Amino acid sequence: MRVLDVEDLVREARSKGTVGAYQALSQPLIGRRSNRYAFAREHLGLPDHLTFALEKEIEQSEEEARELGPDCLSSIPFHDLCYGLLLPLDGISPRRSQRLFGMSGPYGERLDSKERRALVAEFLGNDSLGLDLVDKVALVRGDPFLGRNVGTSLNVLLDVLSQVVFRSPTALRDDLGSIGDVQEVFVRHCSRHKSDPPLTTREVLLPLRHLRGSWGAKKKRVLRSLVERMGRLEVFFMIAFLRQGRRVSQTLGDEALLDAIAATHDVDRGRLDLARSLVDVFELARIVRDEGKEGLAQLALKPLSPVGPMLAGPEIPKAPNFPLFFEKKYDGIRLMVHKASNERGAIRVAAYTRRRHDWTGQLPGINGLAWALPCREVILDGELHGTFFSEVGPRPASVYDVMKHVRGEGGVPIKLRFTAFDVIYLDGQDLTERPFHQRRDVLQRLVGPLSGLPLPIPLELSDGELVRARPDMMRLYNLFRAQGYEGGIAKEPNAPYSLGRRSDQWTKLKPAITLDLAVTGALYTTSVQGPGATFGSYLVSALAEGPSLQEVGRVQGLGAQDSARLLSSILDEGLLTGRRLERDTSSGRKAGVELRPGIVATVRFEGVVRDDTGKLSLRDPKILRVRTGEKDLGELDTVKEIERLFQKQRFS
DNA sequence: CCTGATGCGTC
DNA sequence: GTCGGAC
DNA sequence: GTCCGACGACGCATCAGG
């Protein structure tokens, strides 16, 4: 056995360039070392974010059996891209830009939407940047994660910054309190204008693209490696990328992107539109990049290719156009069930959620359901929901029970059911253009006979009927409510099925309960949009024994005007107790202030939910109006009342 | 081993 | 899920 | 009108640290 000479291997590998060297060494040396990052840093001079990106890229290229090019990182410097593209697209005001970066960008002032479109078209058409179409779409959309949800909490960002600038996270949080915007906090603490040597755009895009699923110290190490090499402009936009929800160039939607792709990549605009209804814009870019026109031409609605379901519009209008099909609204998980058969009769089944995630594996019973359908191929749209069995008899389960049952592999005494309410594809035919009533007929013939069969997940047709006037509709609505369901959906009989879109041809009718609650605190907004509102949400409390106040939930803030008015009355009436408070939210811990009672909010909500610990909260709460100057606690609704509502909805 | 923090998914 | 705001 | 980010709820998986 020959002993490997590390030095020799490294010397030989380095002659192959950065990527080649890592590839050459990843198997014999780096893969075996516990600290690959330290090894790559010492011997190859690779910063951590590149080691991370290359490791992931190599993994992926092996899976997809494709070559990893030696120049997969060489591309336009990220700084130049920020300056030439992201800054003009972002619509940041010239004054702010001057203050943050000491410059106002290449155009001096804000671009209007026409100019932004032109810029995007020019960018997509420029093939000397070392960026492919997927990269470009990701940049224009400000989403390096390609449409997947990747969040980074505020605390993680501040931790990373604290490692780079040697300032405590607490001090940084205080800075954030006075500056108001995370991106700006990073910019202020960044000493350089420009990275040196410059980071390339791919060098930033690739680590971010693979960041999904990375957690804790690993994620922080990658981010730190990037942040400490960035100048102000670069760090500003990377932080924008990382903030979940916050995207640059938000004003330029898919439409503009499709226009630009059509113009620069010689594909038909109408074809792109059609494609867009079947896949998201990132997948579309990948298809154009890898398969070109032919790939686009092959795109069609077909089983086993997930598509976004049609979504209902907001609320039913006061005077809807009758007749309408009024259908029970089930509280569960929206699911598209796909069935496909090949020539030899082998059947494949899949189930996809509203955001096109594959839930087939989590729902073994879905196979039996699909097999029972008397057709070769089909795509059914419906709701996975459940029935809860308790001492007082069966009642519809809430979506939380359903999730617990599905994810926790039972443990909850509910029986899952799948209720189909639409069919969009049947045996080679795309039915999306057909009017709803025709699809309903098809569905009835297909699913009706299977109702009541003992399938692993029972299949049934949604409950509903054609109503000709409001009293008919309300009679049905009250019946559905009495049975414990959420309400109803009104569907226009002639509506086609709009894939992946929200349509007002389907509207909801749901209950609205209101309570008067005390506003006992406010959390600062994390918004970075202009002046906006100071507070992003409010803590509300109900009257409890004592009398005392018990917090019963948070309610999203008001519009800019109402919010400003509320803030001034808080100050006028001296409602600030001076105590600060913090609450955990899905986007990290948020800071806020405690308020003395004095503001009463009328809160509308759809029901009461109870978590594992027995705590009751309001579901989908919204502030209808606020009254100030209320000193009398007796006017408030009580915790008892909320408990009563919870019991009532359970046993109705 | 338990608990809290974080991320990601559903509504 | 809802809502408000920018376009 | 349409789009999308800022917000609400819970539950589960995973990891860090006492």
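**Pockets, strands and cavities**

Mentor: Start with the second largest pocket: helix α23 gives the largest share of its lining, 5 residues. Helices (H or I, at least four residues) and strands (E, at least two) are DSSP runs, numbered from the N terminus. This is a predicted model, in which local features need pLDDT of at least 70, side-chain atom pairs count only at pLDDT 80 or more, and totals for chains, interfaces and linings use all residues. Residues are numbered from 1 along each chain as its sequence is written, chains are lettered from A and ligands numbered from 1 in the order in which they are written, and side-chain values use heavy atoms, with hydrogens and water left out.

Trainee: What volume does the second largest pocket have?

Mentor: About 1000 Å³. Of the 34 residues lining this pocket, S398, V608, V609, F646 and Q649 are the closest to its centre. Two or more lining residues come from each of β5 (378-390), β6 (393-396), α19 (399-407), β20 (607-610) and α23 (639-651).

Trainee: And what counts as a pocket or a cavity?

Mentor: On a 1 Å grid over the protein atoms alone, a cavity is a set of points where a 1.4 Å probe fits but cannot get out; a pocket is an open set with protein on both sides within 12 Å along at least five of seven lines; lining residues have an atom within 4 Å of a point. Grid points are joined across faces, edges and corners, and a volume is the space filled by probe spheres set on the points.

Trainee: Which domains does the lining of that pocket draw on?

Mentor: At least three residues come from each of domain 3 (311-509) and domain 4 (514-651). Chain A also has domain 1 (6-63) and domain 2 (78-111 + 143-243). The bounds come from an automatic or database domain assignment.

Trainee: How far apart are the C-alpha centres of domain 2 and domain 4?

Mentor: They lie 33 Å apart.

Trainee: New topic. Why is strand β19 largely enclosed?

Mentor: Because 5 of the 6 residues of β19 (residues 600-605) are buried. Buried means under 20% relative accessible area, exposed over 50%, partly exposed in between (1.4 Å probe, protein chains only).

Trainee: Which strands does β19 pair with?

Mentor: Strand β14 (residues 513-524) pairs with β19 in the antiparallel sense over 6 bridges, and L515 has V603 as its bridge partner in β19. Strand β22 (residues 622-627) also runs antiparallel to β19, joined by 5 bridges, and T602 has R625 as its bridge partner in β22. Two strands pair if DSSP finds at least two bridges between them.

Trainee: Is S225 buried or exposed?

Mentor: S225 counts as buried, at 2% relative accessibility. S225 is found in helix α13 (residues 216-227). Leaving aside neighbours within four places in sequence, S225 is in contact (heavy atoms within 4.5 Å) with P47, D48 and H49.

Trainee: What lines the second largest cavity?

Mentor: A518, P597, G598, V600, E630, D632, L633 and L636. The space in the second largest cavity is about 30 Å³.
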